Structures are given as structure tokens and as C-alpha cells.
Amino acid sequence: MRFQNRFQRFMNHPAPANGRYKPTCYEHAANCYTHAFLIVPAIVGSALLHWLSDDCWEKITAWIYGVGLCALFIVSTVFHIVSWKKSHLRTVEHCFHMCDRMVIYLFIAASYTPWLNLRELGPLASHMRWFIWLMAAGGTIYVFLYHEKYKVVELFFYLTMGFSPALVVTSMNNTDGLHELAGGGLIYCLGVVFFKSDGVIPFAHAIWHLFVATAAAVHYYAIWKYLYRSPTDYATLMTKLY
Ligand SMILES: [Zn+2]
């Protein structure tokens with residue numbers, strides 16, 4: 001209680017069972033900035049993977065992953081700006097909130113796509129390439145039908161979608177990058193604690209954003225290092241530069 005009093009300026013009361021948490025203006029600002037600052041790095045990072053691609057399949061994969069990565073930060077930033085400055089436009093805000101939730105499903109699918117597309121997989125495991133998009137579509141439909149109604153179900157969907165492809169990926173012959181993949185996954189899971197702590201911990205949602213950014217960076221690093229980077233690319237770059 002004392003903790004809540006001390007941070008009263010920065011945090012409101014937790015949301016009612018079927019309602020949404022109302023952030024303070026400090027929290028709104030933090031929610032916007034924590035993802036806005038990542039839009040440019042996401043675009044640059046995606047362009048780098050595209051540039052490093054050796055063939056058409058790698059290029060397409062870089063596009064899918066890049067679009068998912070950039071969409072996550074752009075949609076999240078726009079939603080938080082609308083939620084902060086235009087909350088009186090209820091329908092618009094509601095629409096952006098659904099997009100913010102929907103883009104998480106697309107982002108999870110996009111994050112696994114480089115591993116599923118560019119690594120050697122068994123005949124059964126390779127079906128995960130399209131199945132993950134089916135799950136993302138299912139999640140999207142769920143958001144539009146039951147948005148915010150059953151919060152536990154929503155969390156269950158995110159976690160199922162986050163973990164089930166990991167079972168396939170860990171069965172790959174080439175295990176390079178699995179530590180980074182698992183590390184990123186663990187960071188996402190730890191972040192969920194804050195995702196669920198609005199009104200209990202000040203700036204909980206912004207802290208969740210930082211966990212997402214860190215986990216996404218770890219996953220990006222693994223994709224760049226193990227799936228796209230090759231020593232010859234840098235030799236070419238160096239000869240171009242000097
Ligand atoms: Zn957010």
C-alpha cells in the first residue's frame with residue numbers, strides 16, 4: 001500500500017476484471033517512447049538482412065521477418081500515441097488496440113520464419129512453416145471476435161504460439177543459435193510478468209516494451225549471425241568501402 005502511495009503520480013489503480021488499465025500521462029509517454037525509438041533500428045536491421053541475402057528465398061524470408069519486426073514497433077507506437085492523445089476517439093482507439101494485439105501474433109510467426117525457412121528441417125517439422133501462419137491467423141480472428149473478453153485465453157494463445165514452433169526448431173540437426181533463441185524466449189517470458197502488472201508496478205507496460213525490445217534484439221542477432229552473415233559479405237563490403 002505504501003509502495004502504491006509513493007508512486008501514485010506515476011501509476012493508477014489496476015484495471016477492473018473486464019476493463020482496461022488507464023495509464024498515467026507519464027506511463028503513456030514511456031509506452032510511446034520505448035517502442036518509437038526502435039522503429040529506425042528495426043528498418044535498418046531488416047534492410048541489412050535483405051542486403052546480406054544470397055538468393056531469392058533468403059530475400060523473401062528477410063522481407064517477411066523485416067515486415068513483422070518493423071510492424072510490431074510501428075503499430076505499437078501508433079496505438080500508444082492514439083491511446084494517449086486521442087482516447088476520446090473510442091472507435092479509432094479500439095481499432096488500434098486490436099491491431100496492437102494482432103501484430104504480436106504476426107510478429108511471433110515472422111520471428112520464427114527465418115529459422116523455419118532457412119534451416120534444414122525434417123518432413124514433419126517443415127509443416128510448421130505454414131502452420132505458424134495458420135496460428136497467427138487464428139489469433140487475429142480471436143482478437144477481432146473476443147478482444148479483451150478472456151484475457152487468460154489471450155495469454156495462453158501467445159504462449160502456445162511462442163513455444164510450439166520452438167519444439168520443431170530445437171529438433172534441427174544444426175543447433176547453432178539455439179542458445180540465443182532460448183535466451184530471447186526467456187526474456188519474453190520474464191516480460192510477461194510486467195505485461196500483467198499494470199497498476200501494480202509503475203510503468204509496467206513500458207518495462208514490458210523494454211523486455212520485448214531486448215528479446216527481439218537477441219533474436220535478430222541470432223538470425224543475422226547464424227542465418228545471414230557470411231565472411232564473404234564483409235570482404236565484399238570492405239572492398240567496396242576502400
Ligand atoms: Zn504496448
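What are the helix and strand percentages over residues 207-224, and how far apart are the end C-alpha atoms? I looked this up and found 100% helix and 0% strand, with the end C-alpha atoms 26 Å apart. Helices (H or I, at least four residues) and strands (E, at least two) are DSSP runs, numbered from the N terminus.

I note that the model is predicted: local features need pLDDT of at least 70, side-chain atom pairs count only at pLDDT 80 or more, and totals for chains, interfaces and linings use all residues. Residues are numbered from 1 along each chain as its sequence is written.

I then checked the record. An unreviewed UniProt entry annotates "transmembrane region" at residues including 30-51 and 207-224; such annotations may be inferred rather than shown by experiment, and positions are given in the numbering used here, with feature names shortened. Over residues 30-51 I read 91% helix, 0% strand and 33 Å between the end C-alpha atoms.

Next I took H8 (residues 178-195) and H9 (residues 204-228), whose axes come within 8 Å and cross at roughly 175°. Axes are lines fitted to C-alpha atoms, for helices over the stretch in contact, and angles run from 0 to 180 degrees between N-to-C directions. H8 and H9 are therefore roughly antiparallel (angles over 145 degrees).

Last, I looked at H2 (residues 25-36) and H4 (residues 56-85): their axes come within 8 Å and cross at roughly 160°. That makes H2 roughly antiparallel to H4. In their contact (C-beta atoms, placed from the backbone, within 7 Å), His28, Asn31, Cys32, His35 and Ala36 of H2 meet H4 residues including Phe73, His80 and Trp84.

Terms used: Angles under 35 degrees count as roughly parallel, over 145 as roughly antiparallel, 65 to 115 as roughly perpendicular and the rest as oblique. Two residues are in contact if their C-beta atoms, placed from the backbone, lie within 7 Å.
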